Amino acid sequence: MKTVEIRNSHDNGLNFDAFSFYQNQAWKGSLDCVSFDRDTIRNKLLNLNQACYIIRTDGKIGVTNYGYTYATENVDSKEIELLAYTPPTSTSNLGDPNFLSFHDVKYAYSTGAMAGGIASEEMVIALGKAKILASFGAGGLSPDRLEAAINTIQAALPNGPYAFNLIHSPNEPAIERRAVELYLKYGVRTIEASAFLDLTPNIVHYRVAGLGLNANNEIEIKNKVIAKVSRREVATKFLQPAPQRILKQLVEQGLITQQQALLAEEVPIADDITVEADSGGHTDNRPLVCLLPSMLALRDQIQAQYNYKRPVRVGVAGGIANPQSALAGFMMGAAYVVTGSINQSCVESGSCDYTKQLLAQAEMADVMMAPAADMFEMGVKLQVLKRGTLFPMRAQKLYELYRAYNSIEEIPLAERQKLEKQVFRKSLAEVWEATVTYLTQRNPEKLAKAVNNPKFKMALIFRWYLGLSSRWSNSGEKGREVDYQIWCGPAMGSFNDWVRGTYLESANNRHVVDIANHIMLGAGYLYRIQSLKLQGLQLHDSYTQYYPVSSTLEV
């Protein structure tokens, strides 16, 4: 191998100055299919389903998807030099192909569940029809509302793909249990488990109730589990088989059979682990570049211990907003990528139009952590949008008051009046009355606990605001715009930076399938560009970025 210096006599942004890996190869084909100008060169590079040849003839460097190469002792003046080459770079080759076959999808790409139906039926159906996996945002919805969503989605996607969220509800275990009962009743075959700190009988019940033996006496897994985690200790629980104590309990209750309990010892709880980095909503704000390698090593360690026939796949979420971030995940070893925050601003999202417009204007620094309604007393926080809303500051103030006082009555009168006027916009007595009405129907046990526990009563009053603020954002409650709770990570700002100046800058033009196609095509394109650069090709900056330019993209 020797160093060659090739300068392009035609100014199209391509040069070559490196070690040539193809000095004894030449290209054969019609020069009519070779592009020498920037616009058509970019089209050749974007044609991922065909090979890409970088050739030199008469001092000009060009690009083609056609022809073939052949070996030669020395390239003479009659032969056309081959400078660099990439094979077809199909988007279906990004990530783990087993993810595609297991879930019957075309991409190693899915959209995560955003609670309260933000990840709506419309979103799940649109993506499902395009053979892309999407998870319905079941968190916080009533059983009746969830049942209606199941019927709607299954009618539109009788053969899938689709998933439903199962969010851990430590304060309302009956809601979690009822969701599992509905999933089993209607044959929902894929769930996305999120916010779990430990395994519960509910998630184990769902998983194990779908185990059986096929005609070849092999374990068949009908109920698939995608677990969203950000901590190694939680990931370990989903990577291991179900705990014996829970299996025994479920057998005694008649919820699973003894055979299913035995089969459960041979399979992990989850088929896929989604490593959640710095995301919107519940998050530990972990950096992706540290978290993913750690989780992959943990998966390999547990796989070596149990030797599962089908190893658990590890995907990534949190910060996936454009082709660069998606490709970064794949290059670090992610089996699939998951988008979340960016889908909220799409037409199919369950958020109101006002919220979508705020999201479309967000920058990466326009997010902050705020107390979570479902785990308020535990001090758990979630990431929300701060641009255009006072919710995070007001929610933090409520938590500070909760920590400082043991009852509503202990709070200084001036502070209480400020809460009533600025935050609740009604008296604390009226808020408590509304809370009593709600809990009487949904959770009377919790109401009874509050009667003799003034600090818990205070928490319930504060959670009235925290709980309603996210619903106001979805429904578009007029007059409450400054109190909208909008779950959002820095990915939203990164996405807005990427699409600025394109047709996707407007929220009205954002569709979830279109965005998925652009992110995956862009990731494939950037992978091809990096491959050519590693072979010594020098490209103008105009070639090294991918921007969405078509709303009718099909990959």
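**Entry 1: the aromatic cluster**

I began with the rings, and found that ring pairs join Phe 376, Phe 391, Tyr 399, Tyr 402, Phe 424, Phe 462, Trp 464, Tyr 465 and Trp 472 into a cluster. I note here that the model is a predicted one. My search over the whole structure returned 20 aromatic pairs, and I looked at two of them in detail.

I took Phe 164 with Tyr 183, a tilted pair with 5.7 Å from centre to centre and 45° between the planes. This pair links distant parts of the chain, since Phe 164 belongs to strand E10 (residues 163–167) and Tyr 183 to helix H5 (residues 173–185), 19 residues apart. I then looked up the accessibility of both: Phe 164 is buried, at a relative accessible area of 0%, and Tyr 183 is buried as well, at 1%.

Next I turned to Phe 376 and Tyr 399, whose ring centres are 5.5 Å apart and whose planes stand at 85°, so I recorded the pair as edge-to-face. Here too distant parts of the chain are linked, with Phe 376 in the loop between strand E19 (367–371) and strand E20 (381–385), and Tyr 399 in helix H13 (residues 391–404), 23 residues apart. Phe 376 counts as buried at 1% relative accessibility, and Tyr 399 is buried with a relative accessible area of 12%, because the cut-off for buried is under 20%.

**Entry 2: lysines over rings**

I also looked for charges over ring faces. Lys 455 lies over the face of Tyr 402, at 4.4 Å from the ring centre, and Tyr 402 is one of the residues of the cluster I started from. Lys 449 lies over the face of Phe 456, at 4.5 Å from the ring centre.

**Entry 3: H15 against H17**

I then examined how helix H15 (residues 428–442) packs with helix H17 (residues 454–475), and noted an angle of about 80° with the axes 10 Å apart. That angle falls in the range of 65 to 115 degrees, so I describe H15 as roughly perpendicular to H17. On the H15 side the contact is made by Leu 428, Val 431, Trp 432, Ala 434, Thr 435, Tyr 438 and Leu 439, and on the H17 side by Lys 457, Leu 460, Ile 461, Trp 464 and Arg 471. Sorted by class, this contact has nine nonpolar residues, one polar and two charged.

**Entry 4: helix H3**

In helix H3 (residues 121–129) I found Glu 121, Met 123, Val 124, Ile 125, Leu 127 and Gly 128 buried. What do the buried residues of H3 pack against? I traced their partners to strand E8 (109–111), strand E9 (133–136), helix H4 (143–156) and helix H19 (512–534). Just after H3, Lys 131 takes a positive phi of about 65°.

**Entry 5: backbone exceptions**

Most residues other than glycine have a negative phi, and most peptide bonds are trans. With that in mind I listed the exceptions I came across. Ala 195, in the loop between strand E11 (190–194) and helix H6 (201–208), has a positive phi near 65°. Asn 285, in the loop between strand E16 (281–282) and helix H10 (288–306), has a positive phi of about 55° and counts as partly exposed at 32% relative accessibility. The peptide bond from Gly 160 to Pro 161 is cis, with omega near 0°, and I placed Pro 161 in the loop between H4 and E10.

Methods
Residues numbered from 1 in each chain as written. Predicted model: local features only at pLDDT ≥ 70, side-chain atom pairs only at ≥ 80, totals over all residues. Heavy atoms only, no water. Phe/Tyr/Trp six-rings, centres within 6.5 Å; stacked < 30°, edge-to-face > 60°. Helix = DSSP H or I, 4+ residues; strand = E, 2+ residues; numbered from the N terminus. Buried < 20%, exposed > 50% of the residue type's maximum accessible area, 1.4 Å probe, protein only. Lys NZ or Arg CZ within 6 Å of the ring centre and 35° of its normal. Axes fitted to C-alpha atoms, helices over the stretch in contact; angles between N-to-C directions. Parallel < 35°, antiparallel > 145°, perpendicular 65-115°, else oblique. Contact = heavy atoms within 4.5 Å. Nonpolar A, V, L, I, M, F, W, Y, C, P; charged D, E, K, R; others polar.
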